[in-house]
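Me: I'd like a close look at just one part of this model, please. Pick a spot, take it slowly and tell me who sits beside whom.

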Amino acid sequence: MAEVWRGIVREYLDHLPFDESDRIVSLGEGGTPLIYAEKISSEVGAEVLVKYEGMNPTGSFKDRGMTSAITQVVKDGDHTVVCASTGNTSASAAAYAAHAGLRCVVMIPQGKIAAGKMAQAIVHGADLVQVDGNFDECLDIVRELSESYPIALVNSVNPYRLQGQKTAAFEIVDQLGEAPDIHMLPVGNAGNISAYWMGFKEYAEAGRASRTPKIWGVQAAGAAPFVLGHPIKDPETVATAIRIGKPASWDLAVAARDESGGWIRAVTDEAILSAQARLAAEVGVFVEPASAAPIAGLLAAAAAGEVPRGATITCTVTGNGLKDTATALGDRTLDPTVIPVDVEAAASVLGL
Ligand code: AN7
């Protein structure tokens with residue numbers, strides 16, 4: 001019988017702050033595919049592989065950090081968790097809290113969450129509150145709430161979140177048999193870039209890879225505080241997941257960028273949507289807009305002649321496109337041609 005994936009905490013227990021006796025709260029997250037992107041590879045002159053994190057139980061990479069954060073919450077004996085979110089953290093927190101029998105409270109920026117993500121928080125039974133403000137302001141509120149009330153904060157400022165999320169870097173090295181030359185990912189609140197750098201460094205120190213990759217982070221042009229060098233007040237982008245102006249893990253992300261010899265750049269919303277469409281149509285991988293940012297960044301770097309020929313480049317595509325079908329469809333409608341129950345009509349409409 002084939003071995004069954006047991007979720008990231010059990011699979012990487014030796015590298016995480018838990019042991020066999022802990023009650024591990026898992027939905028079987030991690031073990032996501034690393035998929036070769038053929039056309040994009042030949043276009044940029046490198047081997048490009050996408051780490052499809054939309055395959056996680058709630059459809060985003062957040063599940064890696066949530067299994068570890070909620071496991072620790074249960075261990076600590078807390079009964080309520082809280083988070084601010086642009087959508088994916090709340091979907092994940094709601095699901096893992098439901099599994100563990102905890103109350104989940106969520107603060108989201110009003111009107112700026114993709115429908116699928118909001119539906120997830122609702123069906124998993126979270127207490128959802130919209131704030132007349134942006135993500136950064138929501139995070140300020142939940143930080144204060146968690147200081148004043150017996151509620152555990154499960155945003156990525158909770159160190160157990162990054163512990164779980166670093167396992168994606170382990171998987172990439174396990175899948176390739178070595179670290180890539182370059183790893184690319186979208187940057188919003190900057191937890192994930194920090195977690196990947198920690199993961200790549202730890203695996204190299206443990207002798208599982210002979211080197212660490214350069215980290216290339218990509219932001220949306222209207223929400224690019226790292227590119228500007230300072231937090232911004234009114235972030236705006238079609239990629240609502242990364243509509244963040246005051247990233248919590250600022251120093252860790254800057255360290256990931258600088259220690260790895262990498263960079264953090266910005267791409268336009270137009271380039272993001274175009275990269276999203278290419279991933280869907282050419283690679284067969286449907287991602288949400290934020291997840292396409294690294295591909296857009298890679299294409300821009302290639303156009304500028306900055307992609308080393310033949311390099312192995314892994315790109316984390318962080319969330320599933322099913323969460324936000326409206327943005328992906330654009331002005332395309334859901335009304336394909338209707339025919340009678342008739343083979344001739346089918347052949348005719350297909351031009352066969
Ligand atoms: C699909 O859910 O911040 O740089 O509250 O959902 O670690 O913040 C989501 C972030 C990239 C950015 N791609 O990761 C939230 C939230 C997707 C995301 C990011 C997010 P970080």
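Reply:
**Around the ligand**

Let's start with Ala 190, found in the loop between strand 7 (182–186) and helix 9. Helices here are DSSP runs of H or I with at least four residues, strands are runs of E with at least two, and both are numbered from the N terminus. Bear in mind that this is a predicted model: local features need pLDDT of at least 70, side-chain atom pairs count only at pLDDT 80 or more, and totals for chains, interfaces and linings use all residues. Residues are numbered from 1 along each chain as its sequence is written, and side-chain values use heavy atoms, with hydrogens and water left out.

Back to Ala 190, which has a positive phi of about 75° although it isn't a glycine. For background, most residues other than glycine have a negative phi. Ala 190 is also buried, at a relative accessible area of 3%. Buried means under 20% here, with a 1.4 Å probe and protein chains only. A polar backbone atom of Ala 190 is 2.8 Å from an oxygen atom of the ligand. That's a polar contact, meaning a pair of N or O atoms within 3.5 Å; within protein, one must be able to donate a hydrogen and the other to accept it, and residues adjacent in sequence count only if both atoms are side-chain atoms.

The protein covers 99% of the 470 Å² of accessible area that the ligand has on its own, going by the Shrake-Rupley method with a 1.4 Å probe. The ligand sits in the largest cavity. To sit in one, a molecule needs more than half of its atoms within 2 Å of the grid points.

Who makes up the shell? 24 residues surround the ligand, and the closest are Asn 88, Thr 89, Asn 189, Ala 190 and Thr 318; the cut-off for being near is a heavy atom within 4 Å. The shell splits into 10 nonpolar, 12 polar and two charged residues. Nonpolar takes in Ala, Val, Leu, Ile, Met, Phe, Trp, Tyr, Cys and Pro, charged is Asp, Glu, Lys and Arg, and the others, Gly among them, count as polar. Helix 4 (88–100), helix 9 (191–205) and helix 13 (289–303) each supply at least two shell residues.

Take helix 4 next. From Asn 88, a polar side-chain atom lies 2.7 Å from a ligand oxygen. Ala 94 is in helix 4 too, and Ala 94 is buried, with a relative accessible area of 1%.

Thr 86 belongs to the loop between strand 3 (80–84) and helix 4. One of the backbone N or O atoms of Thr 86 lies 2.8 Å from an oxygen atom of the ligand. The side chain of Thr 86 has a polar atom 2.8 Å from the backbone oxygen of Ala 241. Thr 86 is buried, at 9% relative accessible area.

Finally, helix 9 holds Gly 191. Gly 191 is buried as well, with a relative accessible area of 5%.

Note on methods: On a 1 Å grid over the protein atoms alone, a cavity is a set of points where a 1.4 Å probe fits but cannot get out, and a pocket is an open set with protein on both sides within 12 Å along at least five of seven lines; lining residues have an atom within 4 Å of a point. Buried means under 20% relative accessible area, exposed over 50%, partly exposed in between (1.4 Å probe, protein chains only).
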